[in-house]
Amino acid sequence: MVHDTPDTTAPAGTARRSVLALIGASLVAVPLLGARRVAVAPAAGLDDPAKKEIAMKLVSSAENSTLDWKAQYAYIEDLGDGRGYTAGIVGFCSGTGDMLGLVRLYTDRRPHNVLAEYLPALRRADGTDSHRGLDPGFPEAWRRAARDTAFQQAQNDERDRVYFDPAVARGKADGLRALGQFAYYDAIVMHGGGGLTGFRSIRDRALRRAAPPARGGDEVTYLNAFLDARVWAMRQEAAHRETSRVDTGQRVLLRQGNLGLEPPLDWKVYGDGYHIG
């Protein structure tokens, strides 16, 4: 949804991009009744398919006021936030480079697609809110492309590469369970990785107040510090000053102690209630 890269370095001019190595999890053998040993799986991370589906619905409730995240492949509008067109399942933006990367990927896979002709305009728009070369046809072309399963898959793949996988990897490295990994993912989707209000700065601000579990800290204490830092970052920008996606969303689940992001889940965003059974 915004520019810059997640919690690793990236090539200049490439928006919100990085690839972090995923942290593997193995089964842990524990003694039972002094004689038998059973394999006990660690709590599922956010990359577990069921948890990932929950994450997509949580983001969609905040970004699009619906749990039907798959209906957002065709979404496109200019929100007037200085990022040009915002579109698709995580708000790829014409002004922040990630939309350009997405259309490049789609064109690599399907060269003669309806968005390919807009690549020069998207290159020029990177870093601006300009519609030059995109209007009037780009929004309709986007909606047409969204009917193509190849474009849907490209959106899924770019979401994972740029946002989801790095967030989950960093969360696991910090010793966080699914809720904390989601807090990282949601922050990167909204704020990007760098800059004063990007994910790195949010995490650094939290680390000054509390240690994550991987450094011997308490998970709840650290996540409260991270969400406090996230709210601070949101309030620095007019487009994000409404903080209910944290206050009545993630914070509610944290107060319940639902660190594994286990359903049933009930939360509110912008005053609207949502439920996952």
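Predicted model: local features only at pLDDT ≥ 70, side-chain atom pairs only at ≥ 80, totals over all residues.
Colleague: Why is Asn-64 called buried?

Modeller: Buried means under 20% relative accessible area, exposed means over 50%, and partly exposed is in between (1.4 Å probe, protein chains only). Asn-64 has 19% relative accessibility, so it counts as buried. It sits in helix α1, residues 49-64. Across the protein, buried residues make up 52% of the 277 residues.

Colleague: What makes the link from Asn-64 to Gln-72 a polar contact?

Modeller: A polar contact is a pair of N or O atoms within 3.5 Å; within protein, one must be able to donate a hydrogen and the other to accept it, and residues adjacent in sequence count only if both atoms are side-chain atoms. The side chains of Asn-64 and Gln-72 make theirs at 3.3 Å. Setting aside neighbours within four places in sequence, Asn-64 is in contact with Gln-72 and Tyr-75, where contact means heavy atoms within 4.5 Å.

Colleague: And Ser-65: why is that one partly exposed?

Modeller: Its relative accessible area is 43%, so Ser-65 goes down as partly exposed. Ser-65 is in the loop between α1 and β3, and its phi is near 55°, a positive value in a residue other than glycine.

Colleague: Which class does Arg-104 fall into, and why?

Modeller: Partly exposed, because the relative accessible area of Arg-104 is 40%. Arg-104 belongs to helix α2, residues 98-109. Not counting residues up to four places away in sequence, Arg-104 touches Leu-119 and Arg-123.

Colleague: How do you describe the packing of α5 and α6?

Modeller: Two packed helices are described by the angle between their axes and the distance between the axes. For α5 (residues 149-173) and α6 (residues 178-191) the angle is about 140° and the axes are 8 Å apart. The axes are lines fitted to C-alpha atoms, for helices over the stretch in contact, and angles run from 0 to 180 degrees between N-to-C directions. By class, the contact of α5 with α6 has 8 nonpolar, 2 polar and 3 charged residues. In that scheme Ala, Val, Leu, Ile, Met, Phe, Trp, Tyr, Cys and Pro are nonpolar, Asp, Glu, Lys and Arg are charged, and the others, Gly among them, are polar.

Colleague: How do you know that β3 and β4 pair?

Modeller: Two strands pair if DSSP finds at least two bridges between them. Here 3 bridges join β3 to β4 (residues 85-87), and the two run antiparallel. Glu-77 stands opposite Thr-86 in β4. The open sheet has 3 strands in the order β3-β4-β5, with antiparallel pairing.

Colleague: What makes β3 and β5 edge strands?

Modeller: Each pairs on one side only, β3 being 76-78 and β5 being 92-93.

Colleague: What about β6 and β7: over how many bridges do they pair?

Modeller: Strand β6 (residues 265-269) and strand β7 (residues 272-276) pair over 5 bridges in the antiparallel sense. In β7, Ile-276 is the bridge partner of Leu-265, and Tyr-274 is that of Trp-267. The covered face of β6 holds Leu-265, Trp-267 and Val-269, and the uncovered one Asp-266 and Lys-268.

Colleague: Why is Tyr-270 called partly exposed?

Modeller: Because its relative accessibility is 39%, Tyr-270 counts as partly exposed. It lies in the loop between β6 and β7, with a positive phi near 55°.

Terms used
Residues numbered from 1 in each chain as written. Heavy atoms only, no water. Helix = DSSP H or I, 4+ residues; strand = E, 2+ residues; numbered from the N terminus.
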